[in-house]
Amino acid sequence: MSQLTDHLLRIPLFSGCSPKDLERLARATDEVTLDAGTTLTRQGDIGREAFVLLSGEAEVQRDGATVARVGPGSVIGELALLDGGPRSATVVATTPVEVLVLTRPAFNGVLDEIPTLAHRLLVALARRLRAAEDLTHLN
């Protein structure tokens with residue numbers, strides 16, 4: 001198993017994938033290093049890719065307010081992989097970051113080969129939606 005597939009294995013979204021599935025996923029991504037201050041996503045822009053944070057940290061902002069900080073293992077922008085719709089948040093690297101970039105066409109190709117990934121993504125999104133709903137009920 002390569003170092004990249006080892007990284008992917010530690011990410012909850014991909015942890016149930018087989019080594020073969022992880023290799024396929026790794027081949028579909030591009031590894032990129034970005035400087036602190038780089039905007040990964042901008043709220044309202046149309047999403048064309050998702051990012052897997054391998055190292056470093058980023059800040060998630062919604063309507064100009066910081067709502068979360070994310071670190072290694074976080075998946076950013078996965079909704080864009082499903083619908084190509086507008087970004088729900090702006091995410092800015094607060095340190096230099098290494099990310100895997102997965103475009104929507106590459107993701108669709110991976111889903112054709114790894115159908116269990118679609119299920120895992122839906123479960124992860126459902127959890128995120130529930131957490132967001134819980135937060136809105138607290139306000």
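Helices (H or I, at least four residues) and strands (E, at least two) are DSSP runs, numbered from the N terminus. The model here is predicted, so local features need pLDDT of at least 70 and side-chain atom pairs count only at pLDDT 80 or more, while totals for chains, interfaces and linings use all residues. Residues are numbered from 1 along each chain as its sequence is written, and side-chain values use heavy atoms, with hydrogens and water left out.

Start with the empty space. Rolling a probe the size of a water molecule over the atoms shows where empty space is left. The search runs on a 1 Å grid over the protein atoms alone: a pocket is an open set of points with protein on both sides within 12 Å along at least five of seven lines, a cavity is a set of points where a 1.4 Å probe fits but cannot get out, and lining residues have an atom within 4 Å of a point. Grid points are joined across faces, edges and corners, and a volume is the space filled by probe spheres set on the points.

The largest pocket holds about 1,200 Å³ of space. It is lined by 37 residues, and those closest to its centre are Arg62, Val75, Glu78, Leu125 and Arg128. S4, S5, S6, H3 and H5 each hand over at least two residues to this lining, with H5 giving the largest share, twelve residues. Sorted by class (Ala, Val, Leu, Ile, Met, Phe, Trp, Tyr, Cys and Pro count as nonpolar, Asp, Glu, Lys and Arg as charged, and the others, Gly among them, as polar), the pocket lining splits into 21 nonpolar, nine polar and seven charged residues.

The largest cavity contains about 70 Å³ of space. Of its 13 lining residues, Leu13, Phe14, Val75, Leu81 and Leu102 come closest to the centre. At least two lining residues come from each of S3, H3 and helix H5 (115-138), and S3 provides the largest share, three residues. Twelve residues of this cavity lining are nonpolar, none is polar and one is charged.

Next come the strands, which pair if DSSP finds at least two bridges between them. Four of them build an open sheet in the order S1-S8-S3-S6, and the pairing is antiparallel. Strand S1 (30-34) and strand S6 (75-76) sit at the edges, each pairing on one side only. Inside the sheet, strand S3 (residues 49-55) and strand S8 (residues 97-103) run antiparallel and are joined by six bridges. One example is phenylalanine 51, whose bridge partner in S8 is valine 101.

Helix H4 (residues 104-113) shows what having two sides looks like. Its buried residues (buried means under 20% relative accessible area, exposed over 50%, partly exposed in between, with a 1.4 Å probe and protein chains only) are Phe107, Val110 and Leu111. Seen down the axis of H4, these fall within an arc of 100 degrees, so they line one face of the helix; the arc is that of the directions from the helix axis to the C-beta atoms. The face turned away from the buried side carries the exposed residues Pro105 and Asp112. An α-helix has 3.6 residues a turn, so residues three or four places apart point the same way.

Finally, the charged pairs. With a salt bridge taken as a side-chain nitrogen of Lys or Arg within 4 Å of a carboxyl oxygen of Asp or Glu, the count comes to three. Glutamate 113 pairs with arginine 24, and their closest N and O atoms are 2.8 Å apart. Glutamate 113 lies in helix H4 and arginine 24 in helix H2 (residues 19-27), so this pair ties together parts that are 89 residues apart in sequence. Arginine 24 counts as buried, at 17% relative accessibility.

In another salt bridge, arginine 87 meets glutamate 49, with the closest N and O atoms 2.9 Å apart. Arginine 87 sits in the loop between helix H3 (78-83) and strand S7 (90-93), while glutamate 49 is in strand S3, 38 residues apart. Arginine 87 is buried, with a relative accessible area of 9%, whereas glutamate 49 counts as partly exposed at 22%.

The remaining salt bridge joins arginine 69 and glutamate 59 (2.6 Å, N to O). Arginine 69 belongs to strand S5 (residues 65-70) and glutamate 59 to strand S4 (residues 58-62), ten residues apart. Here arginine 69 is exposed at 60% relative accessibility, but glutamate 59 is buried at 14%.
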